[in-house]
Number of protein chains: 2
Amino acid sequence: MAKHKIAIIGLGKITQDQHLPVIDKGADFEVAAVVSQRGLSHNGVPSFKTAAELYAAMPEIGIVSVNTPPDVRHAIAREALAAGKHVLLEKPPAATMAEFEDLKAFAKAQGKVLFATWHSQFNPAVDEAKALLATHGVGSVKIEWREDVKKWHPGQDWVFEPGGFGVFDPGINALSIFVKILPFAPFVKSATLTYPENRQTPIAAKLVFGSAVASQPALTADFDWREQGDEKWHMTIETANGRKLRLYKGGAALDVDGKLAVEAPSEEYERIYARFADLLASGQSDVDGAPLRLVADAMLVGRREETEAFVW
Amino acid sequence: MAKHKIAIIGLGKITQDQHLPVIDKGADFEVAAVVSQRGLSHNGVPSFKTAAELYAAMPEIGIVSVNTPPDVRHAIAREALAAGKHVLLEKPPAATMAEFEDLKAFAKAQGKVLFATWHSQFNPAVDEAKALLATHGVGSVKIEWREDVKKWHPGQDWVFEPGGFGVFDPGINALSIFVKILPFAPFVKSATLTYPENRQTPIAAKLVFGSAVASQPALTADFDWREQGDEKWHMTIETANGRKLRLYKGGAALDVDGKLAVEAPSEEYERIYARFADLLASGQSDVDGAPLRLVADAMLVGRREETEAFVW
């Protein structure tokens, strides 16, 4: 089968590190053009300053991958859907829930495939944790997602500006795993949000979740950007019948009762594009708003406290 | 036709002021029981301390109206749906968006009617504004929703606690009108949230909205709980072709080009229960999450600033 021609919009770090190399070595897609405000290019394919120029010049490209910053993602995705393109979105899929709901409704109205990706969900260890919780029930989940913001976002002041998500930028990865592995919907019952006195988004957050499950499993999350040294991207899970799971390395590895059960090399983006090919074949969308919704809910009900000023 | 037997859960101020007298004088429903933790009763009908006791004692009641504070609304509504009841919810329909989505999904799974009410939507002047905007297009909407918190919530510290909504408690009424009258979906693009230095929810908020409309109409909201004297619940609207609308008195009155076009006595709850009877007859739910979503979005992307401490 011929490869799908795809255009990549936004040539930032995640595109360079993941989307372009993964597509180039894969069997399903072919990068046929790029859109870069800064005029970057890739392998000599046509590069456009705006998506409108791309759509006018190369109408034969029916699929786009939108990897711009989240504040402009809705406008670009809507323009693409209006032009009749199928659309893949980097995470988070929009700046707000209302924008995301609009994209879902508009994709449906246009009859186009919309795929809101959450890369951390695409790990075999995550699939295995989900299967085990479906079989054995949920006793408790304790999320710890701690990293050094100076390592992962050096000098990027926008992460601390309104809409920049703060520690929920990595935390939403944990939440995307959390909602995937649980056999029920979690709700934010309370949250403590810690803001540096000179910043507009939280540098740390502790969340307590509830659910409609009668046994009320204990569900908590501890997100912190002040971790020194290596990142700690862990979930400590107990099943309802006492099995102990540890999902770690950001979802890439799973221990069961102290023994390594699954560890696979990180191929999150390979799996994302394989899934996108399946969605295009079946004409279905995959639009999971739950991780973004939990972040908005935490901001809605959270207690705010201040901590010392943050400087790079 | 016989009246629907309905039970009222929660006998606080809004139930006493609106639900009970409106149902008692109406033709569609009959208050057959009440649930009151404090043991309050109404017209001698059976009063229960918990909903579980009601469901066990009077299984013939198939409909409940849930008017408790929002933090327990989800649990009570879910219990009612699980017991096979149709459910009406006061606003806001849940404490968080995730809880609301869960109720929507569960009502559907149970095959029961769920009605998330927004009382300010139920005004003839609102219907007329909606019709005019559908015909003439939207040029701009400027919302001013200002009132004295000391008049409307005297001594109620919970409105300033996490999850208490702050000035969004009245503001969500304005947003419920806003999403009803607009012929497109608005998104929060930016917000300024003003917190008293000793409180956990905003006492004032200014919002700027965007949309997917090419002409980008100017859409703003100004919510403030520090208004002195009479409340100002106004929207100043210009249609795309220059007609000037003024929707005021909380949505009860509409001027068009300086002349009174619609003013009706407030019968919001009469219309809510008439609508509920229609939904029960057709077996359909009415679950509009847009007002709550806009509040969560404003909290997600808002810029926080502090102001002087608030004391009653």
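Colleague: How many helices and strands does chain A have?

Modeller: Chain A has nine helices and 15 strands. Please keep in mind that this is a predicted model.

Colleague: What radius of gyration does chain A have, against that of a compact globule?

Modeller: Chain A has 20 Å, which agrees with the value near 20 Å for a compact globule of 312 residues. Along the principal axes, its C-alpha atoms fill a box of roughly 55 × 45 × 35 Å. Buried residues account for 55% of the 312 residues in chain A.

Colleague: And the contacts in chain A, what percentage join residues at least 24 apart?

Modeller: The figure is 69%, counted among contacts between residues at least 6 apart in sequence.

Colleague: Where does His74(B) lie, and what does it touch?

Modeller: His74(B) is part of helix H3 of chain B, residues 73–82. Not counting residues up to four places away in sequence, His74(B) touches Phe187(A) and Ala212(A) from chain A, as well as Glu99(B), Asp102(B) and Leu103(B).

Colleague: Is His74(B) buried or exposed?

Modeller: His74(B) counts as buried because its relative accessibility is 5%, and the cut-off for buried is under 20%.

Colleague: Now helix H5 of chain A. Which residues are buried there?

Modeller: The buried residues in H5(A) are Ala125(A), Val126(A), Ala129(A), Leu132(A), Leu133(A) and His136(A). They cover an arc of only 125 degrees around the axis, so they sit on the same side of H5(A). On the other side, Ala134(A) and Thr135(A) are exposed.

Colleague: What covers the buried residues of H5(A)?

Modeller: The cover includes helix H7 (168–181) and strands S7 (138–146), S11 (232–239), S12 (244–248), S13 (253–256) and S14 (259–263) of chain A.

Colleague: What comes just after H5(A)?

Modeller: Gly137(A) follows, with a positive phi of about 80 degrees.

Colleague: Last topic: which residues touch the most other members of the largest nonpolar core?

Modeller: Phe223(A) and Phe223(B) do, in a core of 123 residues. Leaving aside neighbours within four places in sequence, the contacts of Phe223(A) include Ile143(A), Trp145(A), Val167(A), Phe168(A) and Leu207(A).

Terms used: Residues are numbered from 1 along each chain as its sequence is written. Chains are lettered from A and ligands numbered from 1 in the order in which they are written. This is a predicted model: local features need pLDDT of at least 70, side-chain atom pairs count only at pLDDT 80 or more; totals for chains, interfaces and linings use all residues. Side-chain values use heavy atoms; hydrogens and water are left out. Buried means under 20% relative accessible area, exposed over 50%, partly exposed in between (1.4 Å probe, protein chains only). Helices (H or I, at least four residues) and strands (E, at least two) are DSSP runs, numbered from the N terminus. The arc is that of the directions from the helix axis to the C-beta atoms. Contact means heavy atoms within 4.5 Å. A nonpolar core is a set of buried Ala, Val, Leu, Ile, Met, Phe, Trp, Tyr and Cys residues joined through side-chain atoms within 4.5 Å. The radius of gyration is taken over C-alpha atoms; the globule rule is 2.2 Å times the number of residues to the power 0.38.
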